[in-house]
Amino acid sequence: MKLVVAEKPSVAQSLAAVLGAKQKKPGYLEGGGFLVSWCVGHLVGLAPADAYDPKYSEWTYEDLPIIPKEWQFTVDPGKKEQFKVLSDLMNRADVDSLVCATDAGREGELIFRLVYQQAGCRKPIERLWISSMEEDAIKAGFSALRPSSEYDLLYAAALCRAKADWLVGITGTRLFSTLYRRTLNVGRVMTPTLALVVERETAIDSFKKEKFYTVELDCGFSAVSDRMAEKKAAEKLKAACAGQPATVQSMEKKQRTASPPKLYDLTSLQRDGNRLFGYTAQQVLDYAQALYEKKLLTYPRTDSNYLTEDTAATVPELLERSVSSLPFSVEIGQTDVSRVVDASKVSDHHALLPTMQVKQDALVALPAGERNILTLVMVRLLCAVSEKQGYEDTAVILDCSGTSFFAKGRVVTTPGWKAVEQAFLSTLEKDDPEPAALPSITEGQSLPGCKAAVREGTTSPPKHFTEDLLLSAMEHASAEEFAEIEGVERTGLGTPATRAGVIEKLVRGGFLERKGRQLLPTKKGHNLIVVLPDSIKSAKLTAEWEAALKEVERGERSADDFLSGIERMTADLVEGYQAIQADTSLFDQREPIGRCPRCGKDVVESKLSFQCIDRSCGFTMWKNSRFFADKHKELTKAVASALLKKGRVKMTGLFSEKKGVAYDATVVLDDTGKYVNYKLEFDQKKAGAKHE
């Protein structure tokens, strides 16, 4: 009897249907000589710090760095029931071997191996490695199961990655959280990603817009002068050119082509999903995963834009299915499938493709998000194998009153793949119009009676990050460092499978916030990057780690050697902050209600008071102040803010305990520098007014 272990229940059900395991049991299926069960993601993981010593439940600088001598593992508390099911199945007497059918990649290997190890199982393992959940792909995968030993190094690299992230995350997070008295999450990929956004916002904030001016001629088409810094100069040129003829000084025509885009990997799909539909990276991944489990899309967590020869053989039929299934009319001309084939650029999985299950009624029945993502993949397939777009660019230089003016035009000669893209974009009302063609003109021709106008413009700062732009920045970050490291296939921060989770973690942690489609750093996020050393926030660290992990995966470096380097780095990090007095006010997330009258720093609201963020200052306005309680009033945020701003506030309905009546007066802040007092002032014009 073989036990097949998948990563999720839905995948297990698809495998079981092909294998004939139709009997439903608690936590697994049985039949056809197979038991089929699942992991529900990471069932087993690295144990928390306090599993090594109860003292680690408290975060203190003195306990850092935390470096386990013997690594411990633990079952996820919320998944113990399913772990017991798997453990019992693995150790059943009639189970003679196992099939690892978790996702075919580094993390999938880790998920299975940790459960296998925690269950104390020693039975032989085979590996299922597939890129599609279609029945034929599953059958082919089971007919060509591979020895698990072929993936031992992949597991070693995955475990190294997990341990390294634990070491840096636990030590880094505790170090900076204890220094600044706030929970400040630090991570190998998360922190440099945050640094990208903070650096972009810093560049935007420091950017100084500069006005410039151009003169535009209308000679039946538009031609523009060079930029000028002074408006007077532009007005002078306009006056000189208005109504004057312009001569065609030169005209250059060039035949050009635009190559089709590559097939989608996960990151490029996430970028277009964000750019065209406003979906977050995580939403795109969720939609793609759902399509994969519905057998409509190939394995989504891929970092390749190419296909292998055997996969490419299915493309002609996939093209026919895509053309007939898309909700708009599209025609494709000659195709060249060889353009998307390169086995050397396919590591774990090939580029994203629709499957043979795709047809029009299947597309219509999908939820909107899944339908849009599948449409993107089909359109990209059609574009990728279509002809190049051909066009003719024309560059013209006009002379008017001794000044050069420039015009450009374009004529599309062969629509090619752009025709498919335009047909799709028109359904979204997001046409991407081609540059206009210029009229027929010749060198030396005089164009009489040109109109002239001054146009004002300003230089533009860098763009705020959207998820589309941030994913691109993460993908290409530290490209120079990677280029210097032979054999490293992944570049940038994280992998296609992890980037969405990194962004979501930064948002949940309060380091980034979404405003419309923009991703902006919070005060907490900005200040964290300000205080962190370059060794933690630089993308170079990720490049070095990824290169080392690749060496572990290839057997060129031992896991122990890799981890010893990480341990040294964390120890050096802690030692470097031994004598530092941290400014805890940097991470106060409360909105200031005013300025401290003693030191000038912000005063913020707490549960019991309004106090200066500098605790050594000592300025505090207590909400339960007897002064206000005796008068049956509260020290509210509005009252405290007015007292800080003007030193006084008019209040009505103050109660007198002596006379049992209400009265109006002005409350004045009377701070001695040591004690915060209040006093009353009365309007002297009012008869009978008394000072209390």
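These entries record what I looked up in the structure above.

**Basis.** I worked from a predicted model, in which local features need pLDDT of at least 70 and side-chain atom pairs count only at pLDDT 80 or more, while totals for chains, interfaces and linings use all residues. Residues are numbered from 1 along each chain as its sequence is written, and side-chain values use heavy atoms, with hydrogens and water left out.

**Disulfide.** I searched the whole structure for disulfides (pairs of cysteine sulfur atoms within 2.5 Å) and found 1. Cysteine 219 and cysteine 450 form the link, with sulfur atoms 2.2 Å apart. The pair joins distant parts of the chain, 231 residues apart: cysteine 219 is in the loop between β10 (211-218) and β11 (222-224), and cysteine 450 is in the loop between β15 (446-447) and β16 (451-458). I took helices (H or I, at least four residues) and strands (E, at least two) as DSSP runs, numbered from the N terminus. The link of cysteine 219 and cysteine 450 is right-handed, with 120° about the S-S bond.

I then checked burial, where buried means under 20% relative accessible area, exposed over 50%, and partly exposed in between (1.4 Å probe, protein chains only). Cysteine 219 is buried at 15%, and cysteine 450 is buried at 1%.

Cysteine 39 is in no disulfide, and the nearest cysteine sulfur, that of cysteine 100, is 8.0 Å away. Cysteine 39 is buried, with a relative accessible area of 0%. Cysteine 596 is likewise in no disulfide; the nearest cysteine sulfur, that of cysteine 617, lies 3.6 Å away. Cysteine 596 counts as buried at 4% relative accessibility.

**Helix α5.** The 29 residues of α5 should span 42 Å, and its end C-alpha atoms are 42 Å apart, which agrees. Of these 29 residues, 24 are buried, so α5 is largely enclosed by the rest of the structure. Arginine 181 follows α5 and has a positive phi, near 55°.

**Second largest pocket.** I noted about 1,100 Å³ of space in the second largest pocket. Its lining has 38 residues, and the closest to the pocket centre are Trp129, Ile130, Ser131, Thr311 and His350. A pocket is, on a 1 Å grid over the protein atoms alone, an open set of points where a 1.4 Å probe fits, with protein on both sides within 12 Å along at least five of seven lines; lining residues have an atom within 4 Å of a point. The volume is the space filled by probe spheres set on the points, which are joined across faces, edges and corners. α4 (135-143), α5 (152-180), α10 (309-312) and α20 (539-554) each supply at least two lining residues, and α4 gives the largest share, 5 residues.

I counted strands as paired if DSSP finds at least two bridges between them. β23 (residues 648-655) and β24 (residues 662-671) run antiparallel and are joined by 6 bridges; arginine 648 has valine 668 in β24 as its bridge partner. The two strands form a hairpin with 6 residues between them, and glycine 660 in the turn has a positive phi of about 70°.

β24 also pairs with β25 (residues 676-681) in the antiparallel sense, over 6 bridges. Here the bridge partner of valine 667 is leucine 680 in β25.

Notes
Expected span 1.5 Å × (residues − 1).
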